[in-house]
Amino acid sequence: MPYTPYHFGPNGLVALMLRRWIDVPVFLLVNAAIDASVLGDRIFAPGDETVHQFLHMHTLLVGGCVGALFAAAIYYVPLLRRLCEKGMAWLDLPYRVSLSKMLLAGVLGAWIHVGIDSIHHADVQILWPLLGDNPVNDALNGMFNERSLILRGYVVRWCLWAWLLLFVQYALMLNAFRLKARFTAVWRFRRLLSAMRLRQPQLN
Ligand SMILES: [Zn+2]
């Protein structure tokens, strides 16, 4: 993708839907870790024609490993963990750190990133080292690359739609949490009232 923030839409949407099993901050931030390779390419190999092959981070194999290492780094560095906790608290979302959830989020988040990039960019070697080219892009673009521009437009629009859906999903979730909190408070109050009534001495 031309800009990493496009990825936050689809990854954020999936992260919120699967938040019971995966770590939301890691699932989002792993996009930046994978796209660090684009920056590395521009710094260390500015002359070559590709931008998504530096250190093979835009592949399922290396990208998945980078995602797992990134997740472990966040789990074991207290400052990064606390930043994740504070970020989720700021978003008013329930959160508990778990290594297994973080590792799963790191690997899956990186794979979704590489998968989306493989549709958008011809130079992504998704199946490296098995294949040096991009079978996803080749299959979707047509024999003469005739659908390349249309396909890139679709990917960008899907990412923007995912951003919009993410906002709707987030707003609905916050309302659901608040409603649940209200129902719980009413239920506790009624239980307290009935307990007080039982404790009152019986007249007559
Ligand atoms: Zn990328």
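Guide: Start with the crossing of helix 2 and helix 3, which is right-handed. Handedness here goes by how the near helix is turned from the far one: anticlockwise by less than a right angle is left-handed, clockwise is right-handed. Helices and strands are DSSP runs counted from the N terminus, with at least four residues of H or I for a helix and at least two of E for a strand. Keep in mind that this is a predicted model, so local features need pLDDT of at least 70 and side-chain atom pairs count only at pLDDT 80 or more, while totals for chains, interfaces and linings use all residues. Residue numbers run from 1 along each chain as its sequence is written.

Back to that pair. Helix 2 covers residues 24-44 and helix 3 covers residues 60-76; they pack at about 120 degrees, their axes 10 Å apart. The axes are lines fitted to C-alpha atoms, for helices over the stretch in contact, and the angle between N-to-C directions can run from 0 to 180 degrees. Helix 2 and helix 3 are therefore oblique to each other, given that under 35 degrees counts as roughly parallel, over 145 as roughly antiparallel, 65 to 115 as roughly perpendicular and the rest as oblique. On the helix 2 side you'll find Val26, Val30, Ala33 and Ile34, and they meet Gly63, Val66, Gly67, Phe70, Ala71 and Ile74 of helix 3. Contact means C-beta atoms, placed from the backbone, within 7 Å. The residues of this contact between helix 2 and helix 3 split into eight nonpolar, two polar and no charged. For that tally, Ala, Val, Leu, Ile, Met, Phe, Trp, Tyr, Cys and Pro are nonpolar, Asp, Glu, Lys and Arg are charged, and the others, Gly among them, are polar.

Leaving aside residues up to four places away in sequence, Ile112 touches Pro10, Asn11 and Val14.

That brings in helix 1. The axes of helix 1 and helix 5 come within 10 Å and cross at roughly 140 degrees. That makes helix 1 oblique to helix 5, and the crossing is right-handed. Here His7, Pro10, Asn11 and Val14 of helix 1 meet Gly109, Ile112, His113 and Ile116 of helix 5. The residues of this contact divide into four nonpolar, four polar and no charged. Met17, also in helix 1, counts as exposed with 12 C-beta neighbours inside 10 Å.

Helix 1 has one more partner to look at: the buried residues of helix 7 pack against helix 1. Those are Cys159, Ala162 and Leu166. Of the 52 residues of helix 7, three are buried, so helix 7 lies largely in the open. Helix 7 (residues 148-199) reaches 76 Å from its first C-alpha to its last, close to the 76 Å expected at 1.5 Å a residue, where the expected span is 1.5 Å times one less than the number of residues.

Conventions: Two residues are in contact if their C-beta atoms, placed from the backbone, lie within 7 Å. A residue is buried if 20 or more other C-beta atoms lie within 10 Å of its own, exposed if 12 or fewer, and partly exposed in between; C-beta atoms are placed from the backbone.
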